[in-house]
Amino acid sequence: MDAQIRRRALESEDEIAVVCGDARLTRCELESRVARLATRIAQSESALIGLFAERSLEMVIGLLAILRAGRGLVPLDPDFPPARLASNIEQSELSLLLT
């Protein structure tokens, strides 16, 4: 799937890829932001990456970047009770959390 995103970004740079409310990203913008974040994630030693985000463009970017970097995703819903979030973070032994 990641190769398809990259290929489509090159084929149709100005086409809208993601819409969230009034915010939009073109395929080129999405590819650029995912690549930049994936590079930073890949530099870490973390096997599992926590993603603490509401539904947003940033959540999509974080999800795709984690997968591109070859890491495991631990989704953390901001609506969960704090005790549950703390337990999930502790049990998965996260050393990197995207917010």
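At what angle do helix H2 (residues 27–42) and helix H3 (residues 57–68) pack, and how far apart are their axes? In this predicted model, the two helices pack at about 50°, and their axes are 8 Å apart. The legends below take the whole chain, then the close-up views.

**View 1. Overall layout of the predicted model.** The protein contains four helices and five strands. Read from the N terminus, the order of elements is α-β-β-α-β-α-β-α-β. Along the principal axes, the C-alpha atoms fill a box of roughly 45 × 30 × 20 Å.

**View 2. Hairpin of strands E1 and E2.** Strand E1 covers residues 16–20 and strand E2 covers residues 23–26. The two strands pair in the antiparallel sense, over four bridges. One of the residues in bridge contact is Val19, whose partner in E2 is Arg24. Two residues lie between the strands, and Gly21 in this hairpin has a positive phi near 65°.

**View 3. Open sheet of three strands, in the order E4-E3-E5.** Pairing within this sheet is parallel. Strand E4 (72–76) and strand E5 (97–98) are the edge strands, each of which pairs on one side only. In a regular strand, side chains alternate between the two faces of the sheet.

**View 4. Pairing of E3 with E4.** Five bridges join E3 and E4 in the parallel sense. Among the pairs to look for, Leu48 has Gly72 in E4 as its bridge partner, and Leu51 stands opposite Pro75 of E4.

**View 5. Pairing of E3 with E5.** Strand E3 spans residues 48–52 and pairs with E5 in the parallel sense over two bridges. Here Gly50 stands opposite Leu97 in E5.

**View 6. Helix H4 on the sheet strands.** Helix H4 is formed by residues 82–92 and lies across E3, E4 and E5. Relative to E4, H4 runs at about 165°.

**View 7. Packing of H2 against H3.** Two packed helices are described by the angle between their axes and the distance between the axes. For H2 and H3 these are about 50° and 8 Å. The crossing of the two helices is right-handed.

**View 8. Residues at the contact of H2 with H3.** From H2, the residues are Leu30, Glu31, Arg33, Val34, Ala35, Leu37, Ala38 and Ile41. They meet Glu58, Ile61, Gly62, Leu64, Ala65, Ile66 and Arg68 in H3. Sorted by class, the contact has ten nonpolar, one polar and four charged residues.

Key:
Residues numbered from 1 in each chain as written. Predicted model: local features only at pLDDT ≥ 70, side-chain atom pairs only at ≥ 80, totals over all residues. Heavy atoms only, no water. Pairing = 2+ DSSP bridges. Contact = heavy atoms within 4.5 Å. Axes fitted to C-alpha atoms, helices over the stretch in contact; angles between N-to-C directions. Left-handed = near helix turned anticlockwise from the far one by under 90°. Nonpolar A, V, L, I, M, F, W, Y, C, P; charged D, E, K, R; others polar.
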